[in-house]
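User: Hi! I'm new to protein models and would like to learn how to read one. Could you walk me through it?

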Amino acid sequence: MTTWQIDPDNDESWIECLKNGVISIFWDFGNLRSYNSIQELRRKNPKGTDRDTKMCWVFGNKVKFGDTIVAKKYQHVYGIGRVLKEEYQYVPRNKKHLGKN
């Protein structure tokens, strides 16, 4: 099991995640599992930083059932949770989160 850190964009995005029982990175690169490599994802977003690209790749391809996610920005810990579903799920930005399943 692995522990991952995610930085919520702002309080509003964290409240949305908490309310729906999900964690989200709020980036829209499409389905992160559709990329064969970090380099392919980087080509999709050439203006993004290497850190951002790696974070998106990890979120879509490495986070697994049972892992722990710490939602933290600077010194403020928003929350700590455990991944309860095996699969990453892509939800287009213009749609609401599917909520707890």
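Analyst: Happy to! Let's begin with a term: a residue counts as exposed when its relative accessible area is over 50%, and as buried when it is under 20%. Keep in mind that this is a predicted model.

User: Thanks! Which residues of helix H1 are buried?

Analyst: Here is the general idea. An α-helix has 3.6 residues a turn, so residues three or four places apart point the same way. Now the case at hand: H1 covers residues 11–20, and its buried residues are Ser13, Trp14, Cys17 and Asn20. These lie on the same side of H1 because they cover an arc of only 140° around the axis.

User: Which exposed residues does the face turned away from the buried side of H1 carry?

Analyst: That face carries Glu12, Ile15, Leu18 and Lys19.

User: And what do the buried residues of H1 pack against?

Analyst: They pack against two strands, S2 (68–73) and S3 (76–82). Have a look just after H1 as well: Gly21 takes a positive phi of about 65° there.

User: Next, pockets. How much space lies in the second largest pocket?

Analyst: The idea first: rolling a probe the size of a water molecule over the atoms shows where empty space is left. In this model, the second largest pocket holds about 380 Å³ of space. Its lining has 19 residues, and those nearest the centre are Gln5, Ile6, Asp7, Arg51 and Met55. Strand S1 (3–6), helix H3 (50–61) and S2 are the elements giving two or more residues to this lining. H3 provides the largest share, with 6 residues.

User: How do the residues of that lining divide into nonpolar, polar and charged?

Analyst: There are 11 nonpolar, 2 polar and 6 charged residues in the lining of the second largest pocket.

User: What does Glu40 count as at 25% relative accessibility?

Analyst: Glu40, which is found in helix H2 (residues 38–44), counts as partly exposed because its relative accessibility is 25%. Not counting residues up to four places away in sequence, Glu40 touches Ser34 and Tyr35. As a last exercise, find Asp50: Glu40 and Asp50 are 10 residues apart in sequence, and 12 Å apart in space from C-alpha to C-alpha.

How values were computed. Residues numbered from 1 in each chain as written. Predicted model: local features only at pLDDT ≥ 70, side-chain atom pairs only at ≥ 80, totals over all residues. Heavy atoms only, no water. Buried < 20%, exposed > 50% of the residue type's maximum accessible area, 1.4 Å probe, protein only. Helix = DSSP H or I, 4+ residues; strand = E, 2+ residues; numbered from the N terminus. Arc of directions from axis to C-beta. Contact = heavy atoms within 4.5 Å. 1 Å grid on protein atoms, 1.4 Å probe; cavity = no way out; pocket = protein on both sides within 12 Å on 5 of 7 lines; lining within 4 Å. Points joined across faces, edges and corners; volume = space filled by probe spheres on them. Nonpolar A, V, L, I, M, F, W, Y, C, P; charged D, E, K, R; others polar.
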